[in-house]
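Dear colleague,

I am passing on a structure for you to look through. Please open it beside this message and follow along as you read.

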Amino acid sequence: MEYRILGKTGLKISRLGFGGIPIQRIDAEGTKKLLHEMVKKGINYIDTARGYTVSEEYMGYAMEGIRDKFVVATKSMARTKDAMRQILKQALEIFVQIILTFIRYIIPAWNSWSRLWERTEPSRLFRRQRPEGKIRALS
């Protein structure tokens, strides 16, 4: 497997990643089998989201004992500090006390995203979570 460094995060991710939407089509045990096969093949990047129905729940279960093998990204459409705090809490519960590697915050105005992001309440919330080790990178 070939690997790349993810932007400025320093995280080493597989060139081939896995998007979590298809998890909706299998069960938790099938997800566990899939993730163990991904480890064997060297695939370590997973992109998921709360909106992918059971994706986060099944992957959290399936990663027990192999969590350190993955870089996990999730995303949210939440726009307020309270909504993002709830999303973070739920994600950490679903991933069974597993640290999310990073959370992608989706902003509609991509041409000025960095200026927008830095002024948002969720940005400040997430930056406070990094020293606690709950989030390793933001994008």
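This is a predicted model: local features need pLDDT of at least 70, side-chain atom pairs count only at pLDDT 80 or more; totals for chains, interfaces and linings use all residues.

Residues are numbered from 1 along each chain as its sequence is written, and side-chain values use heavy atoms, leaving out hydrogens and water.

Strand 1 (residues 3-6) pairs with strand 2 (residues 11-14) in the antiparallel sense over four bridges; strands are DSSP runs of E with at least two residues, helices runs of H or I with at least four, numbered from the N terminus, and two strands pair if DSSP finds at least two bridges between them. Tyrosine 3 stands opposite serine 14, and isoleucine 5 stands opposite lysine 12. Four residues lie between the strands of this hairpin, where glycine 7 takes a positive phi near 50 degrees.

Lysine 12 also has its charged end over the ring of tyrosine 3, 4.9 Å from the ring centre (the rule asks for NZ of Lys or CZ of Arg within 6 Å of the centre and within 35 degrees of the ring normal).

Turning to the helices, Leu35 and His36 are among the residues of helix 1 that meet a group in helix 2 including Tyr58 and Met59, contact meaning heavy atoms within 4.5 Å.

Best wishes
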